[in-house]
Amino acid sequence: MSNIHTLQKIFPAGFDNGYGSLKLLVDGFEVVRVPSYISTAEMEDVPGRVVFNGSAYTVGESAFRTGYHFDRNTDNNENKVNNALLTLFGALAHLPHRKAWHLKLVVSLHDVGLANELQKVLSGEYQPILAGKQSDVKVEVLKVVLEGMGALFGHQLPKKLTILDFGNGTTLYSRYNRGQREVHTAYPIGVEVLIDDICQKMKHLNGGKIGDPSKIRFCLEMGHTRYSRDIDIKDIYSASLKDWYEKYLKKVVNLTLDAKHQGDEIWAIGGGCLLPGFKKLLEKNGFKILDNPVEANVSGLLEMAKTILGKNPITTSGTSGK
């Protein structure tokens, strides 16, 4: 792979700076999907390590592995915008090193009211050190689209469609009619709520201490319930999943089932679809789970970027984002 792109400077890309995990898909590379964690602990030049504007930090898995405090996108609504450049560099620092990246991005955001802010934060020319090596990074934002729009791009949409996106911070409910979105409601009842509940309920297994959300999330994402070598949270997970569903999700799932009754197809996307045992429950209720529900959005964002660039061949005039 290393020499395919030697002469290429400009790369279309999709960037989904989620509450729970950030996903970057640069044309021709593997998708980078890492937890939205940022740590300022001292570290080696690991993947995700960034030095920029005189400060050093690590994004992703390694931030969690330090065992020290780290910030998360989840902790603050504005973080998705304020941290966007840092997390983008962190994602790039997981890819093979290049002296120069010129990214033409399509980015998704749950609140398009913040689109201009996000565009300002990202656009420009920078010289970060990524995983120990200097890089020139130029970022142009082609478009900011609503969260979840990427997942629909390139799909043949049914006339009437309702989608639930089970994310970390939010569960999104959207209805479309002939490809036009009519309803878009974000409920603050994402997977994070389930994980917090498990943290509280596992004290008796964990020597009286509440669980570590990152560890719980990690094992669930791996598709199992082994919190550590000697702690299995299977029973607590089952009980919490049931509670989470009954207390929080049932209402929005029922709304979706009403839509199905009115002739909508119902689809599900987002990392929550992959929770152990949850997919079965959704399928039983008639949901179509999109292939690769976690990366469906970012794959579509990249396709959008390519389409936009296809329509607007690259010009040589100076179109820097600043």
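Predicted model: local features only at pLDDT ≥ 70, side-chain atom pairs only at ≥ 80, totals over all residues.
Reader: In which sense does E13 pair with E14?

Author: In the antiparallel sense, over 7 bridges. A hairpin of 4 residues joins E13 to E14.

Reader: In which sense do strand E13 and strand E18 pair?

Author: Here the sense is parallel, over 5 bridges. Strand E13 covers residues 160–166, and strand E18 covers residues 265–269. Thr162 stands opposite Ile266 in E18. Ile163 has Trp267 as its bridge partner in E18.

Reader: Where do side chains point in a regular strand?

Author: They alternate between the two faces of the sheet.

Reader: Is E13 largely enclosed or open, and why?

Author: Count its buried residues. 6 of the 7 residues of E13 are buried, so the strand is largely enclosed by the rest of the structure.

Reader: Now a single residue. Where is Lys260 found?

Author: In helix H8, which runs over residues 234–261.

Reader: Is Lys260 buried, partly exposed or exposed, and why?

Author: Use the cut-offs: buried is under 20% relative accessible area, and exposed is over 50%. Lys260 has 39%, so it is partly exposed.

Reader: Which residues does Lys260 contact, leaving aside its neighbours within four places in sequence?

Author: Ile266, Asn285 and Gly286. Now compare sequence with space. Lys260 and Lys160 are 100 residues apart along the chain, yet their C-alpha atoms are separated by 9.1 Å.

Reader: What is the phi of Arg178, and where does Arg178 lie?

Author: The phi of Arg178 is positive, about 50°, and this residue is not a glycine either. Arg178 sits in the loop between strand E14 (171–177) and E15. With a relative accessible area of 62%, Arg178 is exposed.

Reader: Last, the helices. What describes two packed helices?

Author: The angle between their axes and the distance between the axes. Apply that to helix H6 (residues 191–201) and H8. Their axes come within 9 Å and cross at roughly 135°. That angle makes H6 oblique to H8. The crossing of H6 past H8 is right-handed.

Reader: Which residues meet where H6 contacts H8?

Author: From H6 come Val191, Val193, Leu194, Asp197, Ile198 and Lys201. From H8 come Ile236, Tyr237, Ser240, Leu241, Asp243, Trp244 and Tyr248. By type, the contact holds 9 nonpolar, 1 polar and 3 charged residues.

Conventions. Residues numbered from 1 in each chain as written. Heavy atoms only, no water. Pairing = 2+ DSSP bridges. Helix = DSSP H or I, 4+ residues; strand = E, 2+ residues; numbered from the N terminus. Buried < 20%, exposed > 50% of the residue type's maximum accessible area, 1.4 Å probe, protein only. Contact = heavy atoms within 4.5 Å. Axes fitted to C-alpha atoms, helices over the stretch in contact; angles between N-to-C directions. Parallel < 35°, antiparallel > 145°, perpendicular 65-115°, else oblique. Left-handed = near helix turned anticlockwise from the far one by under 90°. Nonpolar A, V, L, I, M, F, W, Y, C, P; charged D, E, K, R; others polar.
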